[in-house]
Amino acid sequence: MKAILEFNLPEDKVDFDLALQGSDWKHVCWEMDQLLRKHLKYDDDLSEDARGILEYIRGEFNAFMIDNNVDLYAAE
């Protein structure tokens, strides 16, 4: 199976750049999720307020991914 993406440049440059940078964006999101996870799991110096904020942010981050049918762990 082949998939070919075709763009009319320069008018489709934004879409072209987004297509090329998809894996970079996924990596950035994965790194952010891992950073939040690390602090929640291993940072014993977090206050309860800070822990609650990080849990909220990670939850919202994951909800955004679910709402947009994005899975950081698919096809790794």
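Trainee: How does Lys13 count by relative accessibility?
Mentor: This is a predicted model. In it, Lys13 counts as partly exposed, because its relative accessibility is 42%.

Trainee: And which residue does the side chain of Lys13 meet in a salt bridge?
Mentor: Asp17, with 2.9 Å from N to O. Asp17 is also partly exposed, at 25% relative accessibility.

Trainee: Where do Asp17 and Lys13 sit relative to each other?
Mentor: Both are in helix 1, which covers residues 13-20. They are four residues apart there, so about one helical turn separates them.

Trainee: How many salt bridges are there by this rule?
Mentor: Two. In the other one, the side chains of Arg58 and Asp33 meet at 2.8 Å, N to O. Arg58 belongs to helix 3 (residues 48-67) and Asp33 to helix 2, so this pair ties together parts that are 25 residues apart in sequence.

Trainee: Is Asp33 buried or exposed?
Mentor: Buried, because its relative accessibility is 1% and the cut-off for buried is under 20%.

Trainee: What else does Asp33 touch?
Mentor: Leaving out residues up to four places away in sequence, Asp33 has contacts with Arg58, Phe61, Asn62, Leu72 and Tyr73.

Trainee: Switching to the surface. Which residues form a nonpolar patch?
Mentor: Val14, Leu18 and Trp25, with about 350 Å² of accessible area together. Trp25 is in helix 2, residues 22-42. Trp25 counts as exposed because its relative accessibility is 51%, and the cut-off for exposed is over 50%.

Trainee: Now the whole chain. How many helices and strands are there?
Mentor: Three helices and zero strands. Along the sequence the pattern reads α-α-α.

Trainee: What is the radius of gyration next to that of a compact globule?
Mentor: The protein has 17 Å, whereas a compact globule of 76 residues would be near 11 Å. Along the principal axes, the C-alpha atoms fill a box of roughly 50 × 30 × 20 Å.

Trainee: What share of the residues count as buried?
Mentor: 12% of the 76 residues. Asp33 is buried too, with a relative accessible area of 1%.

Note on methods:
Residues are numbered from 1 along each chain as its sequence is written. This is a predicted model: local features need pLDDT of at least 70, side-chain atom pairs count only at pLDDT 80 or more; totals for chains, interfaces and linings use all residues. Side-chain values use heavy atoms; hydrogens and water are left out. Patches are made of residues with over 30% relative accessible area and no salt bridge: like charges are joined within 9 Å, nonpolar side chains (Val, Leu, Ile, Met, Phe, Trp, Tyr) within 5 Å. Accessible areas come from the Shrake-Rupley method with a 1.4 Å probe; for residues, only the protein chains shown count as cover. A salt bridge is a side-chain nitrogen of Lys or Arg within 4 Å of a carboxyl oxygen of Asp or Glu. Helices (H or I, at least four residues) and strands (E, at least two) are DSSP runs, numbered from the N terminus. Buried means under 20% relative accessible area, exposed over 50%, partly exposed in between (1.4 Å probe, protein chains only). Contact means heavy atoms within 4.5 Å. The radius of gyration is taken over C-alpha atoms; the globule rule is 2.2 Å times the number of residues to the power 0.38.
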